[in-house]
Amino acid sequence: MYQPLVLFVGLRFVRARKKNQLMSFVSLISMLGIALGVLALIAVMSVINASTSTMRNETLKSVPHAGLVLPAGGIGWQQAARTLQQQSGIVAAAPFVEGEAWLRADGNGEFVAVRGVDPASEPAVLQQDSPHLEQLLAALAETPDGIILGTRLASRLALFNGMQLSVTPLSSLLSRDTGDARSFRVLGVADFGFYDNASTALVNLPAAQALFAGSGPGTGRMQMRLRVDDLFNAAALSSRAAQALPPADYRVNSWDQSRRSLFDALRLEKVLTGFMLLMIVIIGAVNIVATLVMTVADKSADIAILRTMGAGRGTVMAVFVIQGLAAGVFGTLLGALGGVALAASIGDLTQAVQSLLNSALAPGDVYMIAHLQSELQWADVALVCASALLVSLLATLYPAWRASRIQPADVLRYE
């Protein structure tokens, strides 16, 4: 079968190392180094992806996909909800008002975000189906002075169903006026995610409007909570939907904007972790440089013969690029297969390690290891493989250039 000259000679040089054990060993180390780096990159980035998804889902238990502030004295929320739900990309819309307040019960108190919702329309905008929260919202619809607390908030205040508590708007508290305080009865607790379980409480929309009626501008403003069909395009979809409302100054804020600091930190963590693990691939590429330098010295006579037979400098350079790139290709392929397999089974592996530690070092379930979850994204796999191949290619250029500069007369003079 026909093969191009540079490919034939380059692969021939790869196979012709049996007599030189040192070069074969260094080449093997370089290939394993690249494979280890690719494997670690794919596995770790998959774990970071899963952690980011978990944090996003926990955040969206309380934070809406997008929020739209209605101007005072403008369109009513019922008409706004009907109009918004008719727009492309908007799944549901529900009203809410929100403000900060001081929650007090039995001498204990906490600053919380009190959110007034419409129990009838709120279930449609929930990120995840929650039968328990839907039952509490149904009870809230029948209880004008009812309140639903986050799990950690209720635990910290030692509150139980049926207990009474008082809520004072923050503006009234700062002005030392407790006349706006209102009494509420606890209906139950709900899961509002990692970040809002200790600081969120739900009440009826009319009760929240009455509570924050005397607060300063911006507090207790009517807003629309939007659920969209494309979570990662929430800002654009909600802004386009707002254009269907009567002209006014509508402020739109999507979930990734309201929690920008958190998700920017997670993205930066992923980038920095990937860069540090890429050092393993670069170390493997350094071994490729060492292997090719020794190969050029060992094959100087062969290079001279190729040059005398008419091979140009570009041909010689391409031969050694192919030879060095072979280790990068095999290492990347091996690492990609191993990384995908590890990412797919990392949860089972952590459980196996936990069981092994408990059986070997303790009589019971003493050693608890967080069960790692992974979310494999093929775009990450492609990026990691492309980066490893690029690093391997760059590592071959200098030795290949040195090989192309060999003068046949200087090498063959004493042959």
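The lining of the second largest pocket divides into seven nonpolar, six polar and five charged residues; Ala, Val, Leu, Ile, Met, Phe, Trp, Tyr, Cys and Pro count as nonpolar, Asp, Glu, Lys and Arg as charged, and the others, Gly among them, as polar. The model is predicted, local features need pLDDT of at least 70, side-chain atom pairs count only at pLDDT 80 or more, and totals for chains, interfaces and linings use all residues. Residues are numbered from 1 along each chain as its sequence is written, and side-chain values use heavy atoms, with hydrogens and water left out.

A pocket is an open set of points on a 1 Å grid over the protein atoms alone, where a 1.4 Å probe fits, with protein on both sides within 12 Å along at least five of seven lines; lining residues have an atom within 4 Å of a point. The second largest pocket holds about 340 Å³, the volume being the space filled by probe spheres set on the points, which are joined across faces, edges and corners. Of its 18 lining residues, P64, E98, Q223, N253 and S258 lie nearest the centre. Strand β9 gives the most to this lining of the second largest pocket, with four residues; helices (H or I, at least four residues) and strands (E, at least two) are DSSP runs, numbered from the N terminus.

The largest pocket has a volume of about 500 Å³. Its lining comprises 24 residues, with M45, N49, R267, K270 and D380 nearest the centre. Helix α10 contributes the most, eight residues. Twelve nonpolar, six polar and six charged residues make up the lining of the largest pocket.
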